[in-house]
Amino acid sequence: MSRIELRGVSKRFGNTPVLNDIDLTIAAGEFCVFVGPSGCGKSTLLRLLAGLEDPSAGEIEIDAVRVNELPPARRNVAMVFQSYALYPHMSVHQNMAFGLQHRQLPAGEIEGRIAEAVRILQLDGLLQRRPKELSGGQRQRVAIARAIVRQPKVFLFDEPLSNLDAALRVQTRLEIARLHRALGLASMVYVTHDQVEAMTLADRIVLLQPLAGRGDAPSVAQAGPPLELYHHPANRFVAGFIGSPAMNFIEAKVKSLGDGCVLADVHGMPCAARLSPQGLTPGEPVTLGIRPEHVLLGQGTQRARVSHVERLGELSHVYLDLPGASVPLLAKSPRDDIAIGDLLPFALPAAALHLFRADGVAQARGALAEVPVEAREAAPTRGS
Ligand code: ADP
């Protein structure tokens with residue numbers, strides 16, 4: 001178990017900044033997932049930890065030792081790549097043994113470590129095969145086993161599931177979570193662009209955002225446990241990235257401010273949100289946010305026309321046309337009898353609404369944040 005500390009870490013390639021001002025502590029034994037859209041610098045950040053790239057500024061420590069100048073081999077980290085990076089001419093056994101032989105470990109120690117990795121990753125019967133004789137999933141398990149036998153302080157995974165088909169991705173995801181437990185809670189840092197992988201695997205998510213057009217803002221949009229990012233996104237970027245399908249955004253204006261609530265106007269439709277009114281002014285343009293799973297269909301006094309329906313079996317995605325809105329409002333519903341053209345009552349529960357100011361920053365929830373979904377209803381307002 002190892003603790004990793006990054007202080008003021010930035011990276012530029014030539015004149016192009018890729019990562020900016022990253023302050024981050026990854027606790028010993030933590031499963032930390034770097035997630036974000038393609039090109040936001042996730043792999044570069046992982047490579048900085050591995051020592052495959054040098055930071056342009058800042059300090060990286062592993063277990064309180066500055067590693068900026070340490071070559072990859074001396075950092076005691078093991079990296080698992082998307083492309084597996086196995087030696088094609090070597091058997092599975094040789095792939096695992098090679099690095100340990102290079103380090104001149106005793107033969108008995110090498111065989112013991114390989115046997116343990118084979119047991120954890122269920123590779124029995126595959127030891128004499130070459131990589132080309134394995135399926136994609138088996139190759140990835142060998143790549144992980146090769147990392148395990150090194151007994152590193154930190155495991156670094158770079159999009160390890162991207163080359164697998166959907167079913168195998170789910171299975172291997174479970175295996176990696178199990179592995180994290182089986183290895184006595186080894187520290188793991190994992191890169192993915194897939195927010196579902198991030199939500200399901202992480203103790204803590206570090207969501208990175210692209211720097212383009214954002215001046216010298218830090219790269220980390222928000223870092224925290226998965227459900228914290230889901231329930232309390234710090235800004236509109238986080239709100240839109242975490243959650244699938246994505247949060248609905250609705251352009252609105254502040255109408256009036258109450259005690260622990262904000263009344264907004266959505267093209268003539270009043271919308272109460274249980275949020276701190278602090279810093280808001282009536283008339284201010286804002287964006288309301290609500291997750292599709294929190295839109296209540298069949299309840300409330302508002303009505304909207306259904307413009308499209310996607311039936312997934314366990315639930316339906318129902319698209320509603322809101323007056324004056326350019327994009328439809330998406331609701332998840334367990335019903336499968338809703339049809340295009342239906343006029344449906346709907347409600348946007350006050351405690352489920354998010355509000356983002358013009359700069360994208362989320363309005364704080366305040367004291368009533370933990371109201372259960374079932375109990376959500378329009379909050380009383382003053383002065384509307
Ligand atoms: P991600 O993993 O989030 O998709 P990367 O870390 O791979 O993003 O890349 C971030 C940005 O840095 C991209 O715009 C990429 O083109 C650029 N980049 C990565 N490696 C290099 C390099 N060696 N030289 C120049 N630009 C690079």
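**Pocket, cores and domains**

The largest pocket has a lining of 23 residues, and V77, Y87, G99, R146 and R150 are the ones that lie nearest its centre. A pocket here is an open set of points on a 1 Å grid over the protein atoms alone, with protein on both sides within 12 Å along at least five of seven lines; lining residues have an atom within 4 Å of a point. The model is predicted: local features need pLDDT of at least 70 and side-chain atom pairs count only at pLDDT 80 or more, while totals for chains, interfaces and linings use all residues. Residues are numbered from 1 along each chain as its sequence is written, and side-chain values use heavy atoms, without hydrogens or water.

Strand 6 (77-80), helix 2 (92-102) and helix 4 are the elements that give two or more residues to the lining of the largest pocket. Helices (H or I, at least four residues) and strands (E, at least two) are DSSP runs numbered from the N terminus. Helix 2 supplies the largest share of this lining, six residues. By class, the lining divides into 16 nonpolar, four polar and three charged residues; Asp, Glu, Lys and Arg count as charged, Ala, Val, Leu, Ile, Met, Phe, Trp, Tyr, Cys and Pro as nonpolar, and the others, Gly among them, as polar.

Just after helix 2, Q104 takes a positive phi of about 60°.

M96 leads on to the largest nonpolar core, which has 48 residues; M96 and L207 touch the most other members. Helix 4 (residues 136-149) gives the most to this core, with seven residues. A core of this kind joins buried Ala, Val, Leu, Ile, Met, Phe, Trp, Tyr and Cys residues through side-chain atoms within 4.5 Å. Leaving aside residues up to four places away in sequence, the residues that L207 touches include V35, V220, L229, F237 and I242. There is also a second, separate core of 31 residues, with A252, V262, I290 and V309 among them.

For the chain as a whole, an automatic or database assignment sets the domain bounds, giving domain 1 (4-240) and domain 2 (249-376). Taken over C-alpha atoms, the centres of domain 1 and domain 2 are 37 Å apart. In contact (heavy atoms within 4.5 Å) are 10 residues of domain 1 and 14 residues of domain 2. The C-alpha trace spans about 80 × 50 × 35 Å along its principal axes. The secondary structure comprises eight helices and 19 strands, and 50% of the 384 residues are buried. Of contacts between residues at least 6 apart in sequence, 66% join residues at least 24 apart.

Some backbone details remain. S244 and P245 are joined by a cis peptide bond with omega about -10°, and P245 lies in the loop between helix 8 (236-241) and strand 11 (248-257). A64 is not a glycine but has a positive phi of about 65°. A64 sits in the loop between strand 4 (57-62) and strand 5 (65-66) and counts as exposed because its relative accessibility is 66%. Q122, likewise not a glycine, has a positive phi of about 50°. Q122 belongs to the loop between helix 3 and helix 4 and, at 46% relative accessibility, counts as partly exposed.

Definitions and conventions:
Buried means under 20% relative accessible area, exposed over 50%, partly exposed in between (1.4 Å probe, protein chains only). On a 1 Å grid over the protein atoms alone, a cavity is a set of points where a 1.4 Å probe fits but cannot get out, and a pocket is an open set with protein on both sides within 12 Å along at least five of seven lines; lining residues have an atom within 4 Å of a point.
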